[in-house]
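The model and its sequence come first.

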Amino acid sequence: MCLSVPAKILSIEGEMAQCSVGGAIVEASLQMVTAEGIEPGDYVLLHTGFALQKISEEEAHVSLNLFNEFEDFNKRLDEEEKADRQYFG
Amino acid sequence: MTKEQKIMLGHGSGGKLSHELISSLFLRHFQHPALTAMTDSAVLNLPEAQLAFTTDSYVVDPLFFPGGNIGRIAVAGTVNDLAVSGAKPMFISAAFIIEEGFPIATLEQIVTEMANEARHAGVSIVTGDTKVVGTGKCDKVFINTAGLGFFHVEFPPFPGQESVKPGDVILISGTIGDHGMAVLSARNELPVQSGLESDCACLNELILEVRKASSRIKFMRDATRGGLGTILAELCEKSKFGIEIQHETIPVRESVRGMCELLGFDPLYVANEGKVVIVAESSDAQRILLALQNHPLGKDAAIIGKVVEQHPGFCWLKTEYGSSRIVDMLAGEQLPRIC
Amino acid sequence: MQYIDEFRDREKIISLVNRIRFESRKPMRIMEVCGGHTMAIHRFGIPSLLPGHIQLISGPGCPVCVTDRRFIDHAIAFSRQPDVIITTYGDLIKVPGSSSSLEREKAARADIRIVYSILDALTIAKKNRRKKIVFLGIGFETTAPGTAAGIIKAQMAGLFNFYVLSAHKVMPPAMSAIIQQGVPINGYLGPGHVSTITGSAMYEFIPDKYNMGVVISGFEPLDILQSIYMLVRQHEANQPKVEIQYSRVVRPEGNSQALELMNEVFELRDDWWRGLGVLPQSGLAIQQKYADFDAEKQFNIEIEPTREDKACICGDVLKGIASPADCRLFGKACTPTDPVGACMVSNEGACAAFFRYRKTAAE
């Protein structure tokens with residue numbers, strides 16, 4: 001595969017950026033993502049010293065919101081189950 | 001002897017240069033009557049008691065790193081080996097193998113750190129040796145230290161691995177992986193800076209506090225090379241019990257975790273130089289935890305797991321979402337990887 | 001948002017698992033073709049969360065595992081040259097060649113350095129102009145653009161003491177071969193980081209031709225479970241298609257800048273895969289215009305005849321038709337400390353993962 005991690009851009013100098021992965025600072029090349037208009041504060045996916053893609057916060061929220069819906073669905077099931085149990089004593 | 005001087009083969013010859021080096025450097029920093037007498041062996045007065053005796057050799061690259069240097073580790077490592085067996089560390093030997101051409105000023109920095117650390121831990125460096133080898137025959141400097149400690153009547157040796165039983169709790173004295181990651185980033189071979197400091201420290205004082213708080217400690221070990229994971233795997237290997245640890249309770253600094261994610265390492269197997277793993281009866285778990293947390297070297301201490309009847313011989317790591325995996329011993333060195 | 005913990009949330013995981021259990025009826029075999037998924041699946045204990053009729057199988061997704069022994073032998077032969085420095089990712093160090101490994105050569109004083117990035121290898125080349133620096137290029141579409149960027153940088157900087165030995169491979173031919181060779185699966189967990197580069201279009205032939213779904217997945221537990229859920233839904237409705245679960249980094253069109261780099265430097269060639277044999281147009285060779293940097297072309301050295309261990313069934317494991325436990329070497333002659341097969345060497349190899357996360361009799 002490809003061990004890749006999300007990293008936060010701290011500063012950019014030319015093609016290179018200082019990125020933070022949980023406080024560890026790593027230098028990475030932005031040459032494959034210049035079209036994305038990367039700025040400090042953005043998150044990128046890092047692999048072998050290169051940023052491969054900008055991480056989309058919007059899309060991440062879409063995924064997470066979907067999970068929330070599942071959670072709601074589960075709670076509803078749980079409640080129904082509880083209600084059933086009460087009903088049947 | 002001027003500061004710019006370098007170690008020469010003659011410094012290990014046993015002649016005038018050796019003599020000069022010993023008196024102007026080692027004796028000056030490691031002041032102790034047994035050492036300054038310059039006899040072939042140190043003559044020591046010990047209380048009549050059980051003794052603990054240990055030895056370890058230290059090779060570190062780089063020699064200096066944030067939070068310490070090879071000298072500090074050489075003292076702390078041996079002090080800790082004595083302390084985790086329950087002994088009060090008393091005397092230490094210091095033997096140096098030095099590469100020809102090594103700057104004496106750098107050697108002095110190392111020796112100073114050793115002296116400070118020894119003083120701090122209340123141990124005396126009482127005998128030593130110096131050998132010089134030709135360029136390329138060793139990497140700058142290697143240090144071997146042996147240590148003697150004795151057991152106070154109140155604090156006998158820990159009962160050890162055999163006494164460990166299901167129901168016992170497992171604690172760690174603080175965050176794991178700090179040393180390994182601090183040294184790795186200080187090596188400057190990777191484009192990574194961690195801002196981390198090694199946790200290298202003498203733990204005898206902390207361990208004494210813990211002993212005062214509880215007499216129900218069964219086993220201790222300092223989690224050095226191989227990390228916490230290796231200690232736990234070793235502890236239950238060939239035992240009639242298993243171990244279960246809870247992933248989210250294991251203290252790991254953010255930047256250690258970050259570096260591990262980046263390089264594909266597992267913090268469980270990253271080296272520490274100032275962390276102790278404690279197994280004790282569960283009734284005393286909180287007292288021990290409190291004693292640890294009240295000491296600056298144990299402020300991040302945590303209860304991380306327990307000894308169980310299930311899966312004898314194996315340590316299992318449980319995650320917060322209910323899955324689990326085996327914690328094995330580290331197979332070889334961890335290396336930066338792409339997959 | 002830091003994009004890690006959010007995707008490891010316990011409550012969400014449980015609810016997603018319940019959702020899968022609620023909707024899944026038909027038995028299903030899902031293959032992951034990325035070693036990172038193999039590791040994550042075991043690390044997070046995903047199989048223990050799934051209903052028994054959903055089976056996860058590991059495919060040929062670890063670059064180290066599928067690489068020919070001859071590549072290692074080649075690298076070893078280079079390392080024995082007096083003026084050569086080998087630069088490599090840590091993954092390759094322990095992989096056995098026909099009679100040695102890079103680890104053993106290093107112990108025998110070969111100059112072999114482990115790097116995090118090809119950019120570090122370039123720095124070594126700059127500092128050691130009189131030496132020849134050989135970089136071992138392994139990996140799929142995720143890693144190949146970096147290697148391409150490195151070669152272009154070497155050319156721009158005039159670093160003519162820098163060479164790449166390429167074993168880079170591309171994923172789709174292997175995914176196709178698995179199905180053609182009759183491995184029974186019902187869907188693919190698509191490789192998230194490969195797809196970050198390539199996009200999703202290259203998988204369209206799989207539902208079209210083989211009536212099988214592909215969901216491109218991230219690597220956190222929630223990602224993997226959601227992808228499994230998406231495959232379950234496709235399977236239950238009998239509507240296989242290519243979907244992107246890992247939408248926070250995978251765009252349908254991929255990363256065009258990375259693809260340009262790859263196309264500039266590499267060209268497709270037939271390549272040998274452990275377990276699958278020679279697959280047409282599945283490997284990446286360095287194009288003639290960058291021949292100055294191609295270790296294969298610039299060095300003329302003898303390589304020992306390739307020898308494979310006959311008892312090792314890595315090939316079948318990679319194809320998903322044998323489990324590591326079926327191998328008589330597994331856990332005995334072949335362990336992570338002393339590996340025989342490539343699948344035991346790599347951290348993400350199916351055998352290493354199986355060994356590390358194996359179940360004990362007590363469980």
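Two residues count as in contact here if their C-beta atoms, placed from the backbone, lie within 7 Å. The model is predicted.

**Chain C against chain B**

By that criterion, 36 residues of chain C touch 22 residues of chain B. Four helices of chain C, namely H1 (10–23), H2 (35–43), H3 (46–49) and H4 (63–66), each supply at least two residues to the side of chain C that touches chain B. H2(C) gives the most, with four residues. By class, this side of chain C has 14 nonpolar, 13 polar and nine charged residues.

**Domain 1 against domain 2 in chain B**

Chain B splits into domain 1 (9–150) and domain 2 (161–327). Taken over C-alpha atoms, the centres of these two domains of chain B are 28 Å apart. Their contact takes 22 residues from domain 1 of chain B and 21 residues from domain 2 of chain B.

Which elements of chain B give two or more residues to the side of domain 1 that touches domain 2? They are helix H3 (70–83), strand S4 (88–99) and helix H4 (104–121) of chain B. H3(B) gives the most to this side of domain 1, with nine residues.

**Residue classes**

The table sets out the make-up of each side described above.

Conventions
Residues are numbered from 1 along each chain as its sequence is written. Chains are lettered from A and ligands numbered from 1 in the order in which they are written. This is a predicted model: local features need pLDDT of at least 70, side-chain atom pairs count only at pLDDT 80 or more; totals for chains, interfaces and linings use all residues. Ala, Val, Leu, Ile, Met, Phe, Trp, Tyr, Cys and Pro count as nonpolar, Asp, Glu, Lys and Arg as charged, and the others, Gly among them, as polar. Domain bounds come from an automatic or database domain assignment.
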